[in-house]
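Dear colleague,

Please find below the structure that I am handing over to you. A short account of what was found in it comes after.

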Amino acid sequence: MVRQTSIQTYHKIMDDGLLSLRRGEVYEVLFRIGPATASEVFNEYLKTYGKRISTNGSGSRLSELRDCGVVQELGTKACSITGHNVILWDVTDQLPVKPKKSKTEFRYWCDECDRSFDNPLDHDGFEDEYCSGILTQWRKVK
Ligand SMILES: [Zn+2]
């Protein structure tokens, strides 16, 4: 199996601090020992950094790294530690991208005319109808 990663990508990520500290540590471990399971990463992480991340924790760290595009799921294998058939992870040769996150935005709402607006100025300009309603700001989660 040819690993997709490149040493240049690795150094770029580490030297420029493109990942948060903890994610960078997990990435470093996977770069070194991958392809590997979450438990294998966890064990190596403990050896390297003397800190524990729970197996679930390392799994979710890996998921976060996947969402950034720097880690991928290669498939599954029987974990050398737990014996369970689990996801096999490895680094990619990609630089991290910002994961798409749900965006919270404000909209304005008028009870009087029962309409909502991104821009409060749109309220006044609506089909030249004058509305005396007072806008309330509310949160819309996308
Ligand atoms: Zn109105």
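The notes below go from the overall fold to the nonpolar core and then to one helix.

Please bear in mind that this is a predicted model. The protein has 142 residues, of which 18% count as buried. Its secondary structure consists of five helices and five strands. In sequence order these follow the pattern α-α-α-α-β-β-β-β-α-β. Among contacts in the protein with a separation of 6 or more, 53% join residues 24 or more positions apart.

The largest nonpolar core contains 19 residues, and Val26, Tyr27, Leu30 and Val41 have the most contacts inside it. Two or more residues of this core come from each of α2 (21–33), α3 (38–49), α4 (55–67) and β2 (85–91). As regards Leu30, once its neighbours within four places in sequence are set aside, its contacts are Ala36, Val41, Val71, Trp89, Asp90 and Val91.

The helix α3 was also examined on its own. Its buried residues are Ala38, Glu40, Val41, Phe42 and Tyr45. Does its length agree or disagree with what its residue count predicts? At 1.5 Å a residue, the 12 residues of α3 should span 16 Å, and the end C-alpha atoms are 16 Å apart, so the two values agree. Just after α3, Gly50 adopts a positive phi of about 65°.

Yours sincerely

Notes
Residues numbered from 1 in each chain as written. Predicted model: local features only at pLDDT ≥ 70, side-chain atom pairs only at ≥ 80, totals over all residues. Helix = DSSP H or I, 4+ residues; strand = E, 2+ residues; numbered from the N terminus. Buried ≥ 20, exposed ≤ 12 C-beta atoms within 10 Å, placed from the backbone. Contact = placed C-beta atoms within 7 Å. Core = buried A, V, L, I, M, F, W, Y, C linked by C-beta atoms within 7 Å. Expected span 1.5 Å × (residues − 1).
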